[in-house]
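Please keep the sequence and the model in view while reading.

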Amino acid sequence: MNLKQLFVICSFLLMILFYSGIGQTFQQINVGLIIDGPWGEENQMSSSIKKEILDLTTGEFDVQFPNGKTIQGNWDIENIRRNIDQLLLDPQVDIIITLGSISSSEACYRKDLAKPVIAPYVLD
């Protein structure tokens with residue numbers, strides 16, 4: 001596991017604790033993922049992050065990655081912005097994780113986020 005994956009997982013756990021309140025267990029948390037575009041290893045990365053989050057939250061939270069809530073932007077900034085809007089407005093998504101530098105940067109530019117967004121791939 002690399003440092004960015006560890007950051008995503010730790011951020012995710014903190015968001016869950018904040019979002020759900022301490023003492024509540026087995027609350028279902030639905031996670032949406034935004035991927036900038038295909039690069040050949042996006043499936044491996046998202047699978048690895050999902051596995052680590054599930055391993056760390058099993059027995060405390062019911063974390064789900066619903067079908068259709070992992071969206072690719074095909075490297076188009078307008079698609080990525082629409083994807084962020086879509087997941088922010090989706091009542092079936094509780095937390096969003098951006099898996100790319102474009103989607104992470106776009107999420108960080110937003111002033112008001114309706115739900116927690118983890119954006120670990122911001123370029124400096």
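A residue is called buried under 20% relative accessible area, exposed over 50% and partly exposed in between, using a 1.4 Å probe and protein chains only. The model is predicted: local features need pLDDT of at least 70, side-chain atom pairs count only at pLDDT 80 or more, and totals for chains, interfaces and linings use all residues. Residues are numbered from 1 along each chain as its sequence is written, and side-chain values use heavy atoms, with hydrogens and water left out. Helices (H or I, at least four residues) and strands (E, at least two) are DSSP runs, numbered from the N terminus.

**Nonpolar cores**

- A nonpolar core is a set of buried Ala, Val, Leu, Ile, Met, Phe, Trp, Tyr and Cys residues joined through side-chain atoms within 4.5 Å.
- The largest such core has 18 residues, and Phe12, Val31 and Ile97 are among those with the most contacts inside it.
- At least two residues of this core come from each of helix H1 (3-20), strand S1 (27-35), helix H2 (42-57), S2 and strand S4 (95-99).
- The most is given by S1, with four residues.
- A second, separate core of eleven residues includes Ile34, Ile71, Ile84 and Leu87.

**Strands S1 and S2**

- S1 and S2 pair in the parallel sense over four bridges; two strands pair if DSSP finds at least two bridges between them.
- In this pairing, asparagine 30 stands opposite glutamine 64 in S2.
- Phe61 and Val63 form the covered face of S2, whereas Asp62 and Gln64 form the uncovered one.
- In a regular strand the side chains alternate between the two faces of the sheet.
- Aspartate 62 is partly exposed, at 28% relative accessible area.

**Salt bridges**

- A salt bridge is a side-chain nitrogen of Lys or Arg within 4 Å of a carboxyl oxygen of Asp or Glu, and by this rule the count comes to five.
- Lysine 51 pairs with aspartate 55 in a salt bridge, their closest N and O atoms being 2.6 Å apart; both residues lie in helix H2, four residues apart.
- Aspartate 90 forms a salt bridge with lysine 69, with 2.5 Å between the closest N and O atoms.
- Because aspartate 90 lies in the loop between helix H3 (77-89) and S4 and lysine 69 in the loop between S2 and strand S3 (70-72), the pair ties together parts that are 21 residues apart in sequence.
- Aspartate 90 counts as buried at 10% relative accessibility, and lysine 69 is buried at 12%.
- Aspartate 85 and arginine 110 meet in a salt bridge at 2.4 Å, N to O.
- Aspartate 85 is partly exposed, with a relative accessible area of 33%.
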